Amino acid sequence: MVQKRLLKQLNKLRAKSQKRATEVRIYCVNTNKKYHNKRWRERFFYENRVFTCCLKQLDLDLIEQGDLILAYHNDKRVVGVGVALEKGRQEDNCKNIKTLAVKWLWYSLNKKEYINLDSIGNPSFFNATVIDWTKDIDKVELFKILAEKISKKGAKE
């Protein structure tokens with residue numbers, strides 16, 4: 001039931017996109033925890049945005065409204081799943097930071113609560129902030145796990 005609602009929500013957001021209405025793309029966005037202060041990942045979720053900085057900022061231009069965002073953290077862990085609400089844009093106060101508004105469907109700041117990448121596919125890794133994982137991720141398995149995570153989170157509240 002939760003899976004059907006998620007798909008319906010994604011399809012509504014995708015329908016708003018003018019360019020690519022055929023397929024929801026899945027992008028990994030690195031949380032950059034390794035390179036920044038301890039609060040960098042938390043900003044993703046509290047501000048409902050993803051950030052890229054310095055030379056990697058052009059990567060956000062790949063993402064369209066309605067695409068699925070997987071917030072990647074070290075050790076093959078996905079710590080958030082959301083939907084892009086816009087195209088990336090330049091941060092007002094900083095020429096080196098680009099941001100993208102995201103509606104987070106699920107996220108966790110708990111180190112023990114995550115989605116293991118091995119359980120949803122075998123995505124490729126390379127040195128980039130944003131990676132297109134559309135062909136590498138098992139969408140059915142991802143939605144199954146996401147539905148479970150959302151159901152558990154709802155039961156706690």
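# Briefing: cores and salt bridges

E113 counts as partly exposed, at 25% relative accessibility. Here buried means under 20% relative accessible area, exposed means over 50%, and partly exposed lies in between (1.4 Å probe, protein chains only). The model is a predicted one, in which local features need pLDDT of at least 70 and side-chain atom pairs count only at pLDDT 80 or more, while totals for chains, interfaces and linings use all residues. Residues are numbered from 1 along each chain as its sequence is written, and side-chain values use heavy atoms, with hydrogens and water left out.

**Overall layout**

- The protein chain has 3 helices and 8 strands, where helices (H or I, at least four residues) and strands (E, at least two) are DSSP runs numbered from the N terminus.
- Along the sequence, these elements follow the pattern α-β-α-β-β-β-β-β-β-β-α.
- Of the 157 residues in the protein chain, 47% count as buried.
- Among contacts with a separation of 6 or more, 66% are between residues 24 or more positions apart; a contact means heavy atoms within 4.5 Å.
- The protein chain exposes about 8,900 Å², and carbon and sulfur atoms supply 50% of that area. Accessible areas come from the Shrake-Rupley method with a 1.4 Å probe, and for residues only the protein chains shown count as cover.

**Nonpolar cores**

- A nonpolar core is a set of buried Ala, Val, Leu, Ile, Met, Phe, Trp, Tyr and Cys residues joined through side-chain atoms within 4.5 Å.
- The largest such core has 22 residues, and those with the most contacts inside it are L68, L70, V81, I115, I120, W133 and L142.
- At least two residues of this core come from each of β1 (26-30), β3 (68-73), β4, β6 (97-107) and α3 (139-156).
- Helix α3 gives the most to this core, with 4 residues.
- Another core, of 17 residues, lies apart from it and has F45, F51, I63 and V79 among its members.
- Leaving aside neighbours within four places in sequence, I120 is in contact with L70, I115, D136, I137, D138, E141, L142 and I145.

**Salt bridges**

- The whole structure contains 5 salt bridges, each a side-chain nitrogen of Lys or Arg within 4 Å of a carboxyl oxygen of Asp or Glu.
- E113 pairs with K149, with the closest N and O atoms 2.9 Å apart. This bridge links distant parts of the chain, 36 residues apart: E113 is in the loop between β6 and β7 (115-116), and K149 is in helix α3. K149 is buried, at 13% relative accessible area.
- D132 pairs with R25 at 2.2 Å between the closest N and O atoms. D132 lies in strand β8 (residues 130-132) and R25 in the loop between α1 (2-16) and β1, so this bridge ties together parts that are 107 residues apart in sequence. D132 is partly exposed at 30% relative accessibility, and R25 is buried at 18%.
- R49 and E86 meet in a salt bridge at 2.9 Å, N to O. R49 is in strand β2 (residues 49-53) and E86 in the loop between β4 and β5 (89-90), 37 residues apart. R49 has a relative accessible area of 13% and is buried, whereas E86 is partly exposed at 23%.

**R77**

- R77 is in strand β4 (residues 77-84) and counts as buried, at 13% relative accessibility.
- The R77 side chain reaches the backbone oxygen of K111 at 3.3 Å.
- Not counting residues up to four places away in sequence, R77 touches A71, Y72, K111, Y114 and I115.

Key. A polar contact is a pair of N or O atoms within 3.5 Å; within protein, one must be able to donate a hydrogen and the other to accept it, and residues adjacent in sequence count only if both atoms are side-chain atoms.
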